[in-house]
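Good morning, colleagues. Please look at the sequence and the model on the screen while I describe one part of its surface.

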Amino acid sequence: MTADPGHDNPEHLVTDPKQVVLADDDDRHRAEERLRTAVENGRLAVDRLGPRLDEVYAARTRAELEAACRGLPEPGPRDTLVVDRAPTSGRFISGIFGGFERKGEWVVPSRLTVWSMWGGGRLDLSEARFGSRDTEIRAVSLWGGTRILVPDDIEVEVRGFGLFGVVDKRVARKLDKPGTPRVVIRGFALFGAVVTRNKQAPGSSPKS
């Protein structure tokens, strides 16, 4: 069983006076995500998560939050991809006789449908976070095109077909990493295209 790092060691408690500031809900949320990420990465035993979360919920200052996360590293920019936050996009996006684009830091809903009809659309997931471990994107292109950019640190599965069109499946991959988000793209193209491409996420290590 994975040990609870620093559980009984007072040397891990934070004494920096800059940390003696009242904590807000965002601070608690970040601490909670830090603990859950540590469990997913094997740094913290599952049976220690509950007591640590109790400390987070009871914390009044940032120092007490830091003590609840003792012995655990600060998460990197790509360590927490699945978040307990409301999606920042609706479940339906369309580009009809026009276009659409989603990019930057946004939270993807667990089910998302995108339509391109006599137009085009672009979904950029390279900086996105996901509201669920499993995400399904239904992409329909009718005399149009949809381009989906995915980072190389998530699992991707592409299904579907094109009728006088193309559903590109070359980016599909599985990753042997606990907690990795999985995105299933279900495409249909009629005289159009659903194209998926890799895009390196900011802060991630480039592939050798």
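I begin with a definition: a residue is called buried when its relative accessible area is under 20%, exposed when it is over 50%, and partly exposed in between, using a 1.4 Å probe and protein chains only. The areas themselves come from the Shrake-Rupley method with a 1.4 Å probe, and for residues only the protein chains shown count as cover. At 37% relative accessibility, Trp 143 is therefore partly exposed.

Please note that this is a predicted model, in which local features need pLDDT of at least 70, side-chain atom pairs count only at pLDDT 80 or more, and totals for chains, interfaces and linings use all residues. Residues are numbered from 1 along each chain as its sequence is written, and side-chain values use heavy atoms, with hydrogens and water left out.

I turn now to the aromatic residues. Two rings of Phe, Tyr or Trp (for Trp, the six-membered ring) pair if their centres lie within 6.5 Å; planes under 30 degrees apart count as stacked, over 60 as edge-to-face and the rest as tilted. The structure holds five such pairs. In one of them, Trp 118 and Trp 143 are stacked, because their ring centres are 5.5 Å apart and their planes meet at 5°. This pair links distant parts of the chain, 25 residues apart: Trp 118 lies in the loop between β4 (111-117) and β5 (120-124), and Trp 143 in the loop between β7 (134-142) and β8 (145-150). Strands here are DSSP runs of E, at least two residues long, numbered from the N terminus.

What partner does Trp 143 have in another stacked pair? The partner is Phe 191, at 5.7 Å centre to centre and with 10° between the planes. Phe 191 lies in the loop between β11 (182-190) and β12 (193-198), so this pair ties together parts that are 48 residues apart in sequence.

Trp 118, at 47% relative accessibility, is partly exposed, and so is Phe 191, at 44%. Phe 164, in the loop between β9 (155-163) and β10 (166-167), counts as exposed at 64%. Together with Phe 97, these residues and Trp 143 form one aromatic cluster.

For contrast, consider Ser 116 in strand β4. Ser 116 has 0% relative accessibility and therefore counts as buried.

Key. Helices (H or I, at least four residues) and strands (E, at least two) are DSSP runs, numbered from the N terminus.
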